[in-house]
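Here's a quick briefing to read with the structure open beside you. Have a look around first, then come back for the details.

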Amino acid sequence: MLLELRAEAETGLTEALDVLGHPADDLGIERPPDDVDAVLASSVAFRLAEAASRPPPAVAANLADAFDTDGCEYIERVRARGPYLNVIPSERYAEATLAGAVQDGYGHLDRRETSVVVEHTSANPTGPVHVGRARNPIIGDAIASVLEYAGYDVERHYYVNNAGRQVATLAWAYEQFDETALPDPERDKPDYDLVRYYRKGTTFLEEGPEAAVTEAEAEIQSIMRGLEQGDETAYDRVSVAVEATLSGMRETLDRLPAPFDEFVRETRFMRDGSTDDVVARLKTTDHAVYEEDAWQLDLPGIEKNLVFLRSDGTSLYTTRDLAHHEWKLDRFDRAVTVLGEDHELQARQLRATLDLLGHDTDRLDTIHFSWVNLPEGGMSTREGTGVDLDDLLDEAVRRARAEVEQRLDGRMRDDDLSEADIDRIARQVGIGAVRYDIVARQPRKVITFEWERALDFEAQSAPYVQYIHARASGILAEAGATPAPGAVDTTTLTTDAERTLLREIARFPAVIEEAADGLEPHLIATYTREFAEAFNGFYRECPVLDAPEETRRARLALVAAARTTIANALDVLGIAAPDSM
RNA sequence: GGGCACGUAGCUCAGCCCGGACCAGAGCGUCGGACUUCUAAUCCGACGGUCGUGGGUUCAAAUCCCACCGUGCCCGCCA
């Protein structure tokens, strides 16, 4: 509802500025501090003061007088307070907020008729997903969801690298080594099974006898060339190992869950000729250079040449990724990619090259996140250092379960949780805590992984937010029927706590819009925390079930609206909203 | 060496893009309080900060610009 009110405020303010002969290019609309009873404010008066040769408060007072609220549905009035203009909402604003927020889809913005593909994770299928990578699916999935809420047609893609050196090495190692020479797998899952061959293989290439290594390198090269030439045998050899590994990785990602609409395989762009086509076009550009037997691009503003064809005539990952991106731009209006910070240069080169090929790169967005490190250093699949995501999720659920059981005794609510409930809550809370911990921070910040911090179940965590959903659910279940929003008198909601909660509910769609515009899902996490504080304030101050009839009805509607709001906000973050905890 | 990021309470972060009522907000930790009352994974209070450093722009700077310092990532015919 804040979005509608803001639209009214913008129109009204523009008119008022016009009437007084001020420029209306910067309205200075902002969120007022919590202790001001306005829902929106403007600081334009500061900027107008000099030209008007009057102090800001005087300008603000004039603007407040000139603001015509006659046509406004949601604005009661606009008043000056010092140099600021404060927008005071009407009772209709409260009514419309409640009516809007009890709808299941609350927070979904109007459809935009714009398609966007969100590519995320795309980890090399060489072994289990480790925590160092975990930011990618969690941030990526949240970005996809927030765009869906904002009205875009979204597809989630995982780009499978099944053509590079890494997977050729895996395929070779899988054929080369006997299982008896390998350690037992850490889990009974194909990715844990296969990664043993991969690690054995990379160690062999680094430390094995020279002649044997040369032979192995030749074999790996031949697999790569086979793929390049569309050789079915080479493709099958790689597929056996890659697809098995990928299935194990998908199983782990499903636990988050991080669903995908499509797994796009790199080889697709080799087999359909589009990579050759890109190479042919690149050779004809002014920036193409042939140096040291390899075709390269000397890109403007980029210090490093981009090799797009090796001296042996084979393509590189980036070459295929160019074809992949042309494919995406051809099918979608926008393409968002979530990548690690180590891919920064590559992403810049990709963008510059697509630009060179005549594409509108404004349709492209890249979000970079920094690594999750261990206190002792980085994580690596190849070296086998790091914490597997499976282990983190298991431990999270285990600790959450211990927490539920410990709280069982002191439980005030006599609703006897069943074994199945305990299981459900442990899963919702445990995995939710991991996701929240990651999605709540700006992707650029480096994270050092520590068990206690990642699995903190207190304030500023998923359970803190989930708890208010459970509380709201409890009240509504106890009450039985929830009154229709049209049948309640919002004027009975008079306390600060009620008004603050209402204000937070009304803000949700505006938060979605802001998070979607900037591709910043952490804004939603911040919002859920502030929302939870507002709800807890209400919960403390305002009894619902024991309130006088009129008040009770209004508060029940408010609780119902709060519940949908927080459920949907959590939904954006991919975090479950438990009915009981 | 070059490029790109990050630097806010003891610790972990939000605020920075779009400068204004923030002479800075949370959480954790520490200390003290609140369960016969809709779930205490909650709430209330106290203590705690030269917003890395120095300059600049502005009526106004945590926020914009410059320099410097520290940290991370990248600088492969790997991905």
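Does Thr275 count as buried or exposed? At 2% relative accessibility, Thr275 falls under the 20% cut-off, so it counts as buried. Keep in mind that this is a predicted model.

**The whole chain**
- Chain A has 581 residues, and 52% of them count as buried.
- Its secondary structure comes to 20 helices and 14 strands.
- If you boxed up the C-alpha atoms of chain A along the principal axes, you'd need roughly 85 × 65 × 40 Å.
- Take the contacts in chain A with a separation of 6 or more: 75% of them are between residues 24 or more positions apart.

**Surface and charge**
- Chain A has an accessible surface of about 25500 Å², and carbon and sulfur atoms account for 45% of that.
- There are 61 positive and 110 negative charges in chain A, yet their mean positions sit 2 Å apart.

**Helix H9**
- H9 covers residues 232–254, which makes 23 residues.
- At 1.5 Å a residue H9 should span 33 Å, and its end C-alpha atoms are 30 Å apart, so the two figures agree.
- There's a bend in H9 of about 35°, located at Ser239.
- Ser239 is also one of the buried residues of H9.

**Val213 in helix H8**
- Val213 belongs to H8, which runs over residues 210–228.
- With 12% relative accessibility, Val213 is under the 20% cut-off and therefore counts as buried.
- Leaving aside residues up to four places away in sequence, Val213 touches Phe204, Leu205 and Gly208.
- Gly201 is 12 residues from Val213 along the chain, and their C-alpha atoms are 10.0 Å apart.

**Thr275 in helix H11**
- Back to the residue from the opening question: Thr275 is part of H11, residues 274–283.
- Beyond the residues up to four places away in sequence, Thr275 touches Phe269 and Met270, and also Ser315, Thr319, Arg320 and Ala323.

Methods: Residues numbered from 1 in each chain as written. Chains lettered and ligands numbered in written order. Predicted model: local features only at pLDDT ≥ 70, side-chain atom pairs only at ≥ 80, totals over all residues. Heavy atoms only, no water. Helix = DSSP H or I, 4+ residues; strand = E, 2+ residues; numbered from the N terminus. Expected span 1.5 Å × (residues − 1). Bend = angle between axes of the 7 residues up to and from the residue. Buried < 20%, exposed > 50% of the residue type's maximum accessible area, 1.4 Å probe, protein only. Contact = heavy atoms within 4.5 Å. Areas by Shrake-Rupley, 256 points an atom, 1.4 Å probe, with all protein chains shown as cover. Lys, Arg positive; Asp, Glu negative; His and termini not counted. Charge placed at Lys NZ, Arg CZ, Asp CG, Glu CD.
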